[in-house]
Amino acid sequence: MSQYAHLSTIDPEFDAYLKANPQPILPPPTDIAVIRELFTKQIEPYMSSFQEARLSPDAKYQIKDFKIPVEGGEIAARAIIPGTGEEGKKYPLLFNTHGGGFLLGGISTDDYFLRNISTELQVTTLNVAYRVAPEYPYPVPVNDSYAALKWAVNNADALAADLKKGFVVGGTSAGANLAAVLALRARDDPFFRDVPITGQYLACATLIHIDAQSKFPDELLSLEQNKDAPEFKKANHVNLSRAYNATPTDQDASPILASSHANLPPAFLQACGLDPLRDESFLYERLLREAGNKTRIIAYPGVSHGFWLTHADLTLAKKFEVDIREGLRWLFGQTTA
């Protein structure tokens, strides 16, 4: 996939921003406690403030918090339901698994983003706080998310959801990995025969374990091309992968290695050109498409992993946000364009 190398040329606007705002010296990626404090006190509040600012003051929605039983405990989940509840309407469902490298994040990570999506697209969103590594390494995040997915089916009425109107799984980065895994699992599980997943939204996804990338030496080149990318480097990905401690060749860790990619729901993918994970999205899109599935993928040249979350004023970040909505509308059948 050397044809994607040009996407690593830094975007001029992003470059100018970085030069005017030097990156802080981050703690060692193995210092998880410090990273979590940085994420919860600096990164997450900025993400939330940007999304909160774009929420219409006239937006009407309900918030419902739940505890979902999982093996060995329970996890939190939050539903955002359009309207006031008096209408008696039922909506399509977006099941969201947050990003954070399988080590960070929770309900607050995507909260205001999902409030926007719920009210703008008129869909119920369910945001799941799966347990994270290293306290709960692989496969706990996968199993927690899958248990929550089944819970959503069994409790659709409480979510004001009609899954036959649309049932999409989605997430960013590690959350996108989980969404892809859920789509594969659900395809093969008789439990979902009458309520199949109808779409998958995969933003800047990690789709193959770093120790299995050698199986595609001619296609997965971005890990080296972008190893020193700003903000998210190869070293970050390596350390997060070690903490997650997944089995590299397991389908539940590496959806790219699934024995079959046939009969999966339509997929909308977004890839950042300066992201070490970039080529994973291009490879997965090809595998899905060649297996007969509907796909759409959009690339954002010269910007880093998750850039739109922390550099919301960039032109490409604004485009990314617009594209999210158009991609989700396509998955929900709200547009054919």
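Is Phe268 buried or exposed in terms of relative accessibility? In this predicted model, local features require pLDDT of at least 70 and side-chain atom pairs count only at pLDDT 80 or more, whereas totals for chains, interfaces and linings use all residues. Residues are numbered from 1 along each chain as its sequence is written, and side-chain values use heavy atoms, with hydrogens and water left out. Phe268 has a relative accessibility of 2% and counts as buried (under 20% relative accessible area, with exposed over 50% and partly exposed in between; 1.4 Å probe, protein chains only).

Tyr201 is likewise buried, at a relative accessible area of 4%. The structure holds twelve aromatic pairs (rings of Phe, Tyr and Trp, the last by its six-membered ring, with centres within 6.5 Å; planes under 30 degrees apart are stacked, over 60 edge-to-face, and the rest tilted). The ring centres of Tyr201 and Phe268 are 5.8 Å apart and their planes lie at 15°, so this pair is stacked. Because Tyr201 belongs to strand S6 and Phe268 to strand S7, the pair ties together parts that are 67 residues apart in sequence. Helices (H or I, at least four residues) and strands (E, at least two) are DSSP runs numbered from the N terminus. One aromatic cluster is formed by Tyr300, Phe307, Trp308 and Phe320.

Strands S6 (199-203) and S7 (267-272) are among the elements against which the buried residues of helix H8 pack. The others are helices H5 (174-187), H6 (222-225) and H7 (234-244) and strand S8 (295-300). Ten of the 13 residues of H8 are buried, so this helix is largely enclosed by the rest of the structure. Among them are the charged residues Arg278, Asp279, Glu280 and Glu285 (Asp, Glu, Lys and Arg count as charged; Ala, Val, Leu, Ile, Met, Phe, Trp, Tyr, Cys and Pro as nonpolar; and the others, Gly among them, as polar). The end C-alpha atoms of H8 (residues 278-290) are 19 Å apart, which agrees with the 18 Å that its 13 residues should span at 1.5 Å a residue (1.5 Å times one less than the number of residues). Just after H8, Gly292 takes a positive phi of about 100°.

Glu280 is also one of the contacts of Thr206 (heavy atoms within 4.5 Å). Thr206 is placed in the loop between S6 and H6 and, at 10% relative accessibility, counts as buried.

Helix H10 (residues 315-331) has 17 residues and reaches 24 Å from its first C-alpha to its last, close to the 24 Å expected. Its buried residues include Phe320, Trp330 and Leu331. Just after H10, Gly333 takes a positive phi of about 75°.

The second largest pocket holds about 150 Å³ of space. Its lining includes Arg187, Asp189, Phe192, Arg193 and Asn263, and divides into eight nonpolar, one polar and three charged residues. On a 1 Å grid over the protein atoms alone, a pocket is an open set of points where a 1.4 Å probe fits, with protein on both sides within 12 Å along at least five of seven lines, and lining residues have an atom within 4 Å of a point. Grid points are joined across faces, edges and corners, and a volume is the space filled by probe spheres set on the points.

Conventions. Lists of a residue's contacts leave out its neighbours within four places in sequence.
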